[in-house]
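Hello,

Here is the structure I promised to pass on. Please open it alongside this email; my notes follow below.

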Amino acid sequence: MSRHPLLLAAALIAAPLASHAAEGTRVQVTGEIIDTWCYYSGVMGGPDAVVGTAHHTCALWCSAGGIPVGILGEDGDVYTVLKVDEDDQAAGGDTLLSLASYNVTADGMLYERDGIKYIVVGRVEASDEIINQTHEDYGVIPGFAIPEPK
């Protein structure tokens with residue numbers, strides 16, 4: 001009997017939080033699977049340097065290390081992938097290694113908060129593999145990624 005006031009208080013606190021849950025919008029996004037760490041941090045150079053085949057190996061390492069992947073959409077926006085299908089571990093890890101740097105069309109639910117777009121991918125509709133060939137621009141290893149001799 002003495003717990004009822006606590007339960008009531010917890011319900012009152014939780015109710016406003018539940019009303020803040022974002023509603024998703026079903027979308028299809030076409031773009032390149034990127035690693036969000038290199039894209040947002042700029043650690044490997046500007047946004048043009050962290051896409052395509054020139055960045056493929058780094059994207060694999062970041063994804064394998066648990067960095068969330070994103071889809072760099074044709075509209076220029078980045079859609080951070082929260083999960084794929086029902087696999088909560090899919091956003092960063094082994095599941096998406098086979099799609100790193102690939103151009104895909106994904107169907108899923110879009111959520112936006114504070115200007116950041118998140119997508120829960122229900123299904124990858126199409127994969128065009130790697131179509132962004134940037135080796136002509138950067139060579140096999142981008143010049144800025146080669147360490148200076150000491």
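Is Asp-77 buried, partly exposed or exposed? Asp-77 is partly exposed, at a relative accessible area of 29%. Keep in mind that this is a predicted model. I come back to Asp-77 below, with its salt bridge to Lys-117.

The fold

Look next at strands 1 and 2. Strand 1 covers residues 25-35, and strand 2 covers residues 69-73. The two pair in the antiparallel sense, over five bridges. For a landmark, take Ile-34: its bridge partner in strand 2 is Gly-70.

The salt bridges

How many salt bridges are there? The count comes to three.

Arg-26 and Asp-107 form one of them. The closest N and O atoms are 2.8 Å apart. Arg-26 sits in strand 1 and Asp-107 in strand 4 (residues 103-113), so this pair ties together parts that are 81 residues apart in sequence. Arg-26 has a relative accessible area of 55% and is exposed. Asp-107 has 12% relative accessibility and counts as buried, because the cut-off for buried is under 20%.

Lys-117 and Asp-77 also meet through their side chains, at 2.7 Å from N to O. Lys-117 belongs to strand 5 (residues 116-127), while Asp-77 is in the loop between strand 2 and strand 3 (78-84), so the contact ties together parts 40 residues apart in sequence. Lys-117 counts as buried, at 18% relative accessibility. Asp-77, as noted above, is partly exposed at 29%.

Glu-125 is partly exposed, with a relative accessible area of 33%. Arg-123 reaches 51% and counts as exposed, because exposed means over 50%.

Where to look

Then go to Arg-26 and Asp-107, which link strand 1 with strand 4. Finish at Lys-117 and Asp-77, where strand 5 meets the loop between strand 2 and strand 3.

Best wishes

Methods: Residues numbered from 1 in each chain as written. Predicted model: local features only at pLDDT ≥ 70, side-chain atom pairs only at ≥ 80, totals over all residues. Heavy atoms only, no water. Pairing = 2+ DSSP bridges. Helix = DSSP H or I, 4+ residues; strand = E, 2+ residues; numbered from the N terminus. Salt bridge = Lys/Arg side-chain N within 4 Å of Asp/Glu carboxyl O. Buried < 20%, exposed > 50% of the residue type's maximum accessible area, 1.4 Å probe, protein only.
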